[in-house]
Amino acid sequence: MAEAVSTERVAANTNYATAIREALFAGAISFGLFVLLVGLKTDQNIRNELILVQRWGVLAILVLLTMAGRFAYVAYLQPTLAARAAARAKAPAVAVEPSALRKNWTKLAVLGLFLYPVVIVALVGLQGSLKWVDNFGIQILIYVMLAWGLNIVVGLAGLLDLGYVAFYAVGAYSYALLASEFGWSFWILLPAAGMMAAFWGVILGFPVLRLRGDYLAIVTLAFGEIIRLVIINWREVTNGSAGISGIPKVTFFGIFNFDVSSPHYIGKVLGIATSGAYYKIFLYYLILLLAMLTAFVTIRLRRMPVGRAWEALREDEIACRSLGINTTTTKLTAFATGAMFGGFAGSFFAARQGFVSPESFVFLESAIILAIVVLGGMGSLAGIAVAAVVMIGGTEILREMQFLKAVFGDGFTPELYRMLLFGLAMVIVMVWKPRGFVGSREPTAFLHERKAVSASFTKEGHG
Amino acid sequence: MQYFVQQLINGLTLGSIYGLIAIGYTMVYGIIGMINFAHGDIFMIGAFTALIVFLILGAVFYSVPVVIALLVMMIVAMLLTSLYNWTIEKVAYRPLRGSFRLAPLITAIGMSIALSNFVQVTQGPRNKPIPPMVSQVYNIGGISVSLKQIIIVIVTVSLLAIFWYVVNRTSLGRAQRACEQDRKMAALLGIDVDRTISITFIMGAALAAVAGTLFLMYYGVVVFSDGFVPGVKAFTAAVLGGIGSIPGAVVGGLMIGFIESMWSAYFSIDYKDVAAFSILAIVLIFLPSGILGRPEVEKV
């Protein structure tokens with residue numbers, strides 16, 4: 001008994017000893033990393049010359065934080081995690097009957113999404129709801145829709161696409177140009193923008209059919225950049241980097257619109273007070289329906305021959321070809337379908353912003369969308385939605401954290417740290433859950449019995 | 001003709017910088033099969049480190065000979081940038097080794113976003129111009145060659161020579177090539193695979209840091225977002241040359257440099273990047289594994 005206690009104590013001591021050593025090491029490394037870039041700041045003086053400002057205090061705080069973090073991780077977190085993993089390995093596998101909440105959670109989630117604006121308006125009033133419906137609701141749903149669209153290409157067909165934002169741009173500019181030049185309605189231009197994007201999807205698809213894996217990735221990236229550079233430089237049509245402004249708003253099928261000066265303004269038609277919130281709420285439902293459409297089409301397509309062919313292509317291209325599947329059409333339909341939803345989202349984006357510029361279609365957007373797809377667990381619609389809420393909602397919340405100003409002083413702007421934290425979150429989530437938030441999925445086709453497939457067995461495909 | 005040769009020299013200078021960055025991409029790809037998206041930002045960190053060292057030198061000493069200043073900038077940048085790449089590999093890529101292929105790609109993109117925003121937060125979002133370090137221009141038969149260009153080409157060539165020696169003649173290089181061919185077999189034969197991979201990242205970062213220093217010297221300005229465009233172009237160069245092949249990276253870098261300078265000289269400067277990317281797409285359609293790459297063998 002006494003012996004057991006003493007060995008435990010020795011173990012704890014060595015544990016602390018390692019933790020301290022690790023912490024010192026981490027401190028040294030972080031000192032090396034930050035000494036020049038944090039310790040010194042390059043600033044311009046009055047004569048526009050660069051001078052160095054010393055910030056050794058910040059450097060010391062950062063190094064100490066790293067050391068403390070490393071110490072806590074090695075001394076406390078790691079043993080706890082190890083113990084938990086050991087306990088899980090020991091525990092017998094018990095089949096748990098999923099609760100009613102779990103069984104119906106898709107329906108509940110959809111219901112919740114439909115009620116969201118109502119709840120928000122009830123809680124904070126019409127004017128206060130603007131921010132919540134727009135920044136959180138619409139913003140997140142756009143990314144959900146884009147990620148679901150990209151999921152068709154990456155998650156289902158296994159074609160790595162790093163230039164998805166190009167189709168988003170095509171959709172946005174199609175709507176922006178046609179609506180402001182010819183005054184066509186959103187409801188005509190929505191399918192037109194989708195078709196235009198799908199057309200570009202096929203145009204891109206043709207040359208890259210022969211490419212696999214990373215070559216495909218880099219060509220799609222190049223394609224995305226080409227589209228953006230053409231938009232910047234083709235000034236006669238696209239107005240260059242200044243962008244297009246004054247894009248018409250969406251109308252409610254021509255019955256009423258959201259233009260205060262118009263005789264058909266919703267307030268006048270329905271006899272209610274003027275407010276900017278109606279348009280936002282309308283847009284919220286619009287993007288919600290568009291996203292639902294994407295999900296619905298994806299689910300249905302997966303049961304159709306073409307969807308099965310996509311998944312077969314992802315798992316094994318050679319087997320796919322030997323079984324007589326036309327890989328050319330399969331890949332092209334995947335590109336075109338994914339691109340079409342990107343185009344829909346793009347035209348919605350243009351209508352919502354009322355302004356488009358090439359700034360919105362940089363590679364970073366493609367990267368964010370791809371990150372959402374992968375973090376969500378490729379192929380899983382629910383996981384992707386969760387990932388979008390976490391990543392986009394998380395960075396949007398940072399904008400709201402004004403109380404941090406009280407902690408760090410008035411010069412502190414949380415927005416500045418938004419993308420820094422976003423990037424770090426991508427790394428941390430990926431290392432923590434390499435298979436994404438929803439790591440398993442129901443198989444589309446199965447023999448004899450339906451078993452959940454662990455995502456570890458899902459190949460990402462090689463194009 | 002003179003104009004053409006002039007553009008050839010400009011292209012050679014640009015291509016040298018791209019080539020140096022591209023080697024980092026291609027080596028990492030060859031050894032662990034991942035696109036190290038953060039490599040462009042490693043290059044930017046190298047340029048920023050060089051900038052800060054330049055300012056320190058200016059503040060501490062009244063005047064420093066240019067050669068020594070450049071050397072100090074390069075060495076400090078190489079050391080610090082290597083430390084960055086080493087840490088990143090350890091923190092973000094190593095835990096995901098053996099995971100599916102997209103996982104390290106996503107962490108690399110995350111790291112790239114984090115690094116450029118880290119520099120934006122710590123150093124500010126504005127352009128950082130420095131006074132010109134080297135300004136001599138020689139006129140040889142109507143063609144003007146600046147000393148900057150000569151330095152860039154000389155540094156690149158000598159680094160490539162050292163690099164070629166390390167990869168082809170030392171036991172470290174042999175270990176790297178072994179890991180590239182078959183990591184498991186290399187481990188069985190007693191090669192410390194983790195260490196070899198770490199060293200590969202360090203070597204790639206050191207070359208990128210030199211490219212960053214040269215970039216700073218050539219253009220005299222650096223900004224936090226400078227990692228992306230040269231990074232993508234260098235990666236394009238690596239793919240163009242055949243990813244995984246080190247001579248391919250150099251050839252690809254030079255090609256991208258030539259395409260860019262020729263296109264801006266004879267057609268339009270606005271569309272020079274479009275030209276580089278389009279040529280990449282066209283080359284890959286006809287040579288799907290790049291110019292010097294080994295064709296991928298399909299095994300059933």
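**A tour of chains A and B**

Select A:Leu290 to begin: leaving aside its neighbours within four places in sequence, this residue is in contact with A:Met145, A:Phe344 and A:Phe348, where two residues are in contact if their C-beta atoms, placed from the backbone, lie within 7 Å. The model on screen is predicted, so that local features need pLDDT of at least 70 and side-chain atom pairs count only at pLDDT 80 or more, while totals for chains, interfaces and linings use all residues. Residues are numbered from 1 along each chain as its sequence is written, and chains are lettered from A, with ligands numbered from 1, in the order in which they are written.

**Around A:Leu290**

Staying with A:Leu290, colour helix H10 of chain A, residues 277-303, to which this residue belongs; helices (H or I, at least four residues) and strands (E, at least two) are DSSP runs, numbered from the N terminus. A:Leu290 counts as buried because it has 22 C-beta neighbours inside 10 Å; a residue is buried if 20 or more other C-beta atoms lie within 10 Å of its own, exposed if 12 or fewer, and partly exposed in between, with C-beta atoms placed from the backbone.

**Chain A as a whole**

Of its 463 residues, 40% count as buried, and among the contacts with a separation of 6 or more, 73% join residues 24 or more positions apart. Colour residues 2-86 as domain 1 and residues 116-364 as domain 2, bounds that come from an automatic or database domain assignment; the C-alpha centres of these two domains of chain A lie 44 Å apart.

**A hairpin and a helix in chain A**

Select residues 40-44 and 50-54 of chain A, which are strands S1 and S2, paired in the antiparallel sense over 5 bridges; two strands pair if DSSP finds at least two bridges between them. A:Gln44 stands opposite A:Leu50, and within the hairpin, which has 5 residues between the strands, A:Asn48 takes a positive phi near 65 degrees.

Move on to A:Val63 in helix H2 of chain A, residues 56-90. This residue is buried, with 22 other C-beta atoms within 10 Å, and, not counting residues up to four places away in sequence, A:Val63 touches A:Gly27, A:Ser30, A:Phe31 and A:Phe34. A:Ile325, by contrast, is 262 residues from A:Val63 in sequence and 57 Å from it in space, C-alpha to C-alpha.

**A loop residue**

Most residues other than glycine have a negative phi. Select A:Asn239, whose phi is positive, near 65 degrees, although the residue is not a glycine. A:Asn239 sits in the loop between helix H8 (235-238) and strand S3 (244-245) of chain A, and it is partly exposed, with 17 other C-beta atoms within 10 Å.

**Strands and helices in chain B**

Turn to chain B and select strands S2 (residues 137-140) and S3 (residues 143-146), which pair in the antiparallel sense over 4 bridges. B:Val137 has B:Ser146 as its bridge partner, B:Ile140 stands opposite B:Ile143, and B:Gly141, in the hairpin with 2 residues between the strands, takes a positive phi near 55 degrees.

Next select helix H5 (residues 147-169) and helix H6 (residues 171-181) of chain B, which pack at an angle of about 70 degrees with their axes 5 Å apart. This makes H5(B) roughly perpendicular to H6(B). Here B:Val166, B:Val167, B:Asn168 and B:Arg169 in H5(B) meet B:Leu172, B:Gly173 and B:Gln176 in H6(B). The axes are lines fitted to C-alpha atoms, for helices over the stretch in contact, and angles run from 0 to 180 degrees between N-to-C directions; angles under 35 degrees count as roughly parallel, over 145 as roughly antiparallel, 65 to 115 as roughly perpendicular and the rest as oblique.

**Where the chains meet**

Finally, display both chains and select their contact, which takes 54 residues from chain B and 45 residues from chain A. On the chain B side, H2 (39-60), H3 (66-93), H4 (102-123), H9 (228-241) and H11 (272-286) each supply at least two residues, and H4(B) gives the largest share, 15 residues.
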